[in-house]
Amino acid sequence: MKKFMIAMAGAMVLTFAASASAQDKADWPGSMTIGTASQGGTYFIYGTGLAGLITEKLGVNASAEVTGGPVQNATLIETGDHLMGLVTMGPAYEAWTGNSELAPGVEHKNLRALFPMYQTPFQVVALKSSGITSVADLDGKRVSVGPAGGTAATYWPRYFESVGVKPVISFSGANDATSQVKDGLIDAFAFAAGVPISAFAQIAAENDVNIFGFNADEQKKILDAMPELAAFEVPGGLYQGFPDPQSTVSLWNFAVANAEMPETLAYEITKLVMENNERMVQIHATASETISANIEKNTFLPFHPGSVRYFEEKGITIPDALKGQ
């Protein structure tokens with residue numbers, strides 16, 4: 001009888017735990033979309049891998065969607081079209097304050113930070129045969145700055161203005177842009193993505209190219225004009241034929257969600273990513289920066305309550321001003 005009672009008690013505990021777990025997930029969506037960017041860029045690879053991990057471990061059918069990038073992702077999350085997306089903090093700040101190029105005047109107050117991703121440096125690629133070796137050489141040249149609404153398309157025109165360069169700008173996805181460079185339809189591709197950028201790696205492996213960032217004078221002018229940016233050194237050896245590091249500027253990226261994401265789902269996604277860094281690095285090397293210590297890189301966007309709960313359980317203090325509702 002005693003063994004029977006113990007067994008019954010154990011069964012009741014398991015039943016209660018299962019019921020509580022089911023209750024925690026009762027308001028979870030059956031599926032969700034993660035906004036990324038164009039194919040050939042780091043967002044698409046990172047987001048696709050992240051979606052697969054969420055589907056595998058949390059049982060939510062998550063999928064990555066090709067978009068115009070962070071500017072569009074912020075608005076898709078704000079409107080509820082996407083539950084989650086990837087953003088750089090420059091465009092996210094502009095969206096938060098109502099200065100988005102896509103939705104001017106609309107303060108994106110439904111955005112909530114989940115976790116830090118990595119830094120996005122800015123670089124240019126051109127065929128060696130073009131003779132283009134620096135940003136100054138882009139004056140008057142045909143230059144793609146990535147898809148409209150992306151981080152690169154938002155910031156490269158500002159950079160050109162800061163350093164006094166006037167190229168002829170066009171917009172296209174990363175893979176399309178490198179194809180246009182190879183075909184001579186444009187002279188260069190100026191982009192922004194976590195390194196190594198797959199589209200850059202591919203064109204460098206197949207063609208003689210020049211890849212470059214900013215010289216010291218250009219870098220200073222840009223940082224003085226745009227304090228949300230940081231100086232960045234691209235490591236050498238990422239692209240075939242480029243063994244030396246290069247200086248440029250960068251922005252931090254965060255995964256963000258709509259404020260209506262269930263708290264338990266936000267908690268589990270944050271926990272999943274933060275506690276499986278080795279798996280994330282297998283998705284893309286930039287995820288080496290996807291660690292809890294980098295939550296301090298967000299200084300304005302409130303964290304989702306589910307993320308706040310996770311980080312505070314780990315002993316990380318979130319400032320009251322960054323605790324979202």
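Which residues does N210 touch, not counting residues up to four places away in sequence? The first view below gives the answer. This is a predicted model: local features need pLDDT of at least 70, side-chain atom pairs count only at pLDDT 80 or more, and totals for chains, interfaces and linings use all residues. Residues are numbered from 1 along each chain as its sequence is written, and side-chain values use heavy atoms, with hydrogens and water left out.

**View 1. N210 in strand β8.** Strand β8 covers residues 209–212. Helices (H or I, at least four residues) and strands (E, at least two) are DSSP runs, numbered from the N terminus. N210 touches V124, V125, A126, L127, K128, I132, T133 and F242, not counting residues up to four places away in sequence. Contact here means heavy atoms within 4.5 Å. The side chain of N210 also reaches the backbone oxygen of I132, at 3.0 Å. Why does N210 count as buried? Its relative accessible area is 14%, and buried means under 20%, exposed over 50%, partly exposed in between (1.4 Å probe, protein chains only).

**View 2. The buried face of helix α7.** Helix α7 spans residues 198–206. A199, F200, I203 and A204 are buried there. Seen down the helix axis, these buried residues fall within an arc of 130 degrees, so they line one face of α7. The arc is that of the directions from the helix axis to the C-beta atoms. An α-helix has 3.6 residues a turn, so residues three or four places apart point the same way. What covers the buried residues of α7? The cover includes β4, α6 (174–182), β7 and β8.

**View 3. The largest cavity.** Searching the whole structure turns up three cavities of 30 Å³ or more. On a 1 Å grid over the protein atoms alone, a cavity is a set of points where a 1.4 Å probe fits but cannot get out; a pocket is an open set with protein on both sides within 12 Å along at least five of seven lines; lining residues have an atom within 4 Å of a point. Grid points are joined across faces, edges and corners, and a volume is the space filled by probe spheres set on the points. The largest cavity has a volume of about 160 Å³. Its lining holds 23 residues, with A37, Y43, P70, F191 and A192 nearest its centre. Two or more lining residues come from each of α2 (42–58), β4 (111–127), α5 (151–163) and β7 (188–192). α5 gives the most, with three residues.

**View 4. The largest pocket.** The volume of the largest pocket is about 220 Å³. It is lined by 14 residues, and M89, E228, L251, K297 and T299 lie nearest its centre. α4 (89–96) and β10 (246–258) each supply at least two residues of this lining.

**View 5. E233 in strand β9.** Strand β9 runs over residues 230–234. Is E233 buried or exposed? E233 counts as exposed, at 56% relative accessibility. E233 touches P245 and Q246, not counting residues up to four places away in sequence. E233 and T248 are 15 residues apart in sequence and 6.2 Å apart in space, C-alpha to C-alpha.

**View 6. T75 in helix α3.** Helix α3 takes in residues 70–78. T75 is buried, with a relative accessible area of 14%. Leaving aside neighbours within four places in sequence, T75 is in contact with S100, L102, A103 and H108.

How values were computed. A polar contact is a pair of N or O atoms within 3.5 Å; within protein, one must be able to donate a hydrogen and the other to accept it, and residues adjacent in sequence count only if both atoms are side-chain atoms.
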